[in-house]
Amino acid sequence: METNKSKDPLHGITLQNILEKLVNYYGFDTLGELINIKCFRENPSIKSSLTFLRKTDWARKKVEELYIKTIPKF
């Protein structure tokens, strides 16, 4: 019996998990340079960033794109 694996690299990964991995890898300083979002540059925290990213589609998309580009480096 074959198991169908999703080809979507984001399948099964929460936004919180993505953000935590990016922050651990880059840190908020570099993340704020790579993605120019205020929540990464001024008083950054996982909680405040998640709140913003869940409400803002364009910002979440940029974070997800960076995560996909960064996966091979983890």
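Two residues are in contact here when heavy atoms of one lie within 4.5 Å of heavy atoms of the other. The structure is a predicted model.

**Overall layout**

The protein chain has four helices and zero strands. Read from the N terminus, the elements follow the order α-α-α-α. The C-alpha trace spans about 50 × 25 × 20 Å along its principal axes. Of the 74 residues in the protein chain, 31% are buried. Among contacts with a separation of 6 or more, 54% join residues 24 or more positions apart.

**Helices H3 and H4**

Helix H3 covers residues 46-55 and helix H4 covers residues 57-70. Their axes come within 5 Å and cross at roughly 115°. That angle makes H3 roughly perpendicular to H4, because angles of 65 to 115 degrees count as roughly perpendicular. On the H3 side, the residues that meet H4 are Phe52, Leu53, Arg54 and Lys55. On the H4 side, they are Asp57, Trp58, Ala59, Arg60 and Val63. The residues of this contact divide into five nonpolar, no polar and four charged.

The buried residues of H3 are Ser49, Leu50 and Leu53. Viewed down the axis of H3, these buried residues fall within an arc of 100°, so they line one face of the helix. An α-helix has 3.6 residues a turn, so residues three or four places apart point the same way. The face of H3 turned away from the buried side carries the exposed residues Lys47 and Lys55. Lys55 also belongs to the contact with H4.

The buried residues of H3 pack against helix H1 (15-34), helix H2 (38-41) and H4.

**The nonpolar core**

The largest nonpolar core has 19 residues. Those with the most contacts inside this core are Leu19, Leu22, Leu31, Ile37, Phe40, Leu53 and Val63. H1, H2, H3 and H4 each supply at least two residues of the core, and H1 gives the most, with eight residues. Leu53 and Val63, both listed for the core, also take part in the contact of H3 with H4.

| Residue | In contact with |
|---|---|
| Phe40 | Leu19, Phe28, Leu31, Gly32, Ile35, Ser49, Leu53 and Val63 |
| Ser49 | Leu19, Phe28, Cys39 and Phe40 |
| Tyr25 | Thr70, Lys73 and Phe74 |

Ser49 and Phe40 are in contact with each other.

Tyr25 lies in helix H1. Its relative accessibility is 38%, so Tyr25 counts as partly exposed: the value falls between the limits of 20% for buried and 50% for exposed. The contacts of Tyr25 include Lys73 and Phe74. Tyr25 and Ile37 are twelve residues apart in sequence, and their C-alpha atoms are 17 Å apart in space.

Terms used
Residues numbered from 1 in each chain as written. Predicted model: local features only at pLDDT ≥ 70, side-chain atom pairs only at ≥ 80, totals over all residues. Heavy atoms only, no water. Axes fitted to C-alpha atoms, helices over the stretch in contact; angles between N-to-C directions. Parallel < 35°, antiparallel > 145°, perpendicular 65-115°, else oblique. Nonpolar A, V, L, I, M, F, W, Y, C, P; charged D, E, K, R; others polar. Buried < 20%, exposed > 50% of the residue type's maximum accessible area, 1.4 Å probe, protein only. Arc of directions from axis to C-beta. Core = buried A, V, L, I, M, F, W, Y, C linked by side-chain atoms within 4.5 Å.
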